[in-house]
Amino acid sequence: MGTAASNVNLTVTYQGIDQTTKAGNRARKSIRGVGGAAGRASEIVNGLTSGLSQMAGGNITGGLGKMVASFGALGTAAAATAIAMKGFQAAQEAIATHRTFSEELGKIQTLIGSDVQRMETLEAGIRAVSKRTGKSLEDIAGGVYLTISAFGDADDTLEKVEIAAKAGAAGLTETAEAVKLANVFMKNYGDTSAAAAQKALDLAFITNKLGFTTFPEIAASMAGVVPIAAQLGVTQEELTAAYAALLGTSGNAAEVTTQLKAAMFGLADKAKGANEILRDHGHASAEAAVAELGLLGALQKVNEASDGT
């Protein structure tokens, strides 16, 4: 690996060390806080013991005063201990978060290579998108890695990731899952732009709301349907509308996928009767029938001509 690539490695590593060091310092302060609170608790126990001794010796007023003061300090010490423990837990979480984020940056670097400036731009962009969307740094970084893996790095990489992050937040899923869903449509319909990602995820969100299924389920199911739909010329709008409608009446996502795949493969298979029926009704091909009648119209035409059999 060249010098530039080494610089990227060092940048990611030093950033991880710097963040871990800061978190470690917070942890040490918290530990000192716990130790200090424990010391004060020991003093308080001694004060209570002393008060009891004074009362036993006949100094009732002095003994009560000592115990009241000790009980008051006991509450303060307990609060200090609780605060210190929370700080210690927060420091542990910060260390884990920054370690995970550094690992995600390292994965992105394997795709970017030795372009230090691009890595810096992507990292700054990840932080900005995380802040705007409320998604974690590691979640956004995972989305960037998957986006570059699927489409290659482009000027609109971060824009596509932000679209996916917002869709993921709305669909209650990780950014990477939203990227996978957008990828199903973008690759098969031949458009990998940010606008295509927005369109695919908008339609998926409507399906999600109307059809009662999750983004990961939609992505897994659509992966088997979208290729043949794109081949037949079925629009994304019509496909997602049919999908949502069938989900509401026919069952779960897997069942709907089976139904749609069988229907569309029947139209596309030139060796089967559907194509011949469509030609007999003046359509040059299944693709031409879909373009003129729409998917449901073409299927209805075949169904009527075959008497519903």
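I began with contacts, meaning heavy atoms within 4.5 Å. Among contacts in the protein chain between residues at least 6 apart in sequence, 64% join residues at least 24 apart.

I noted the ground rules next. This is a predicted model, where local features need pLDDT of at least 70 and side-chain atom pairs count only at pLDDT 80 or more, while totals for chains, interfaces and linings use all residues. Residues are numbered from 1 along each chain as its sequence is written, and side-chain values use heavy atoms, with hydrogens and water left out.

**Entry: the elements**

I looked up the secondary structure. The protein chain has 13 helices and zero strands. Helices (H or I, at least four residues) and strands (E, at least two) are DSSP runs, numbered from the N terminus.

**Entry: surface and burial**

I checked the accessible surface, computed by the Shrake-Rupley method with a 1.4 Å probe; for residues, only the protein chains shown count as cover. The protein chain comes to about 15600 Å². Carbon and sulfur atoms hold 57% of that surface.

How many of the 309 residues are buried? I found 39%. Buried means under 20% relative accessible area, exposed over 50%, and partly exposed in between (1.4 Å probe, protein chains only).

**Entry: the cores**

In soluble globular proteins, nonpolar side chains tend to be buried together. I therefore looked for nonpolar cores, each a set of buried Ala, Val, Leu, Ile, Met, Phe, Trp, Tyr and Cys residues joined through side-chain atoms within 4.5 Å. The largest has 45 residues. L201, L239, M264 and L267 have the most contacts inside this core. Which helix gives the most to it? I found helix α6 (residues 175–188), with seven residues.

I then followed L267. Leaving out residues up to four places away in sequence, L267 touches several residues, among them L232, A274, N275 and L278. Its partners also include A286, V290, L295, A298, L299 and V302. A second, separate core has 16 residues, including L137, I148, L158 and V161.

**Entry: salt bridges**

I listed eight salt bridges in the structure. Each is a side-chain nitrogen of Lys or Arg within 4 Å of a carboxyl oxygen of Asp or Glu.

I took D153 and R118 to start. Their side chains meet at 2.7 Å, N to O. The pair links distant parts of the chain, 35 residues apart. D153 is in the loop between α4 (137–151) and α5 (157–170), and R118 is in helix α3 (residues 116–133). D153 is partly exposed, at 33% relative accessible area. R118 is buried, at 18%.

R127 and E123 form another salt bridge, their closest N and O atoms 3.1 Å apart. They are four residues apart in helix α3, so about one helical turn separates them.

**Entry: R279**

I ended at R279, in helix α12 (residues 273–280). R279 is partly exposed, with 40% relative accessibility. How far apart are R279 and A289? I found 10 residues in sequence and 8.8 Å in space, C-alpha to C-alpha.
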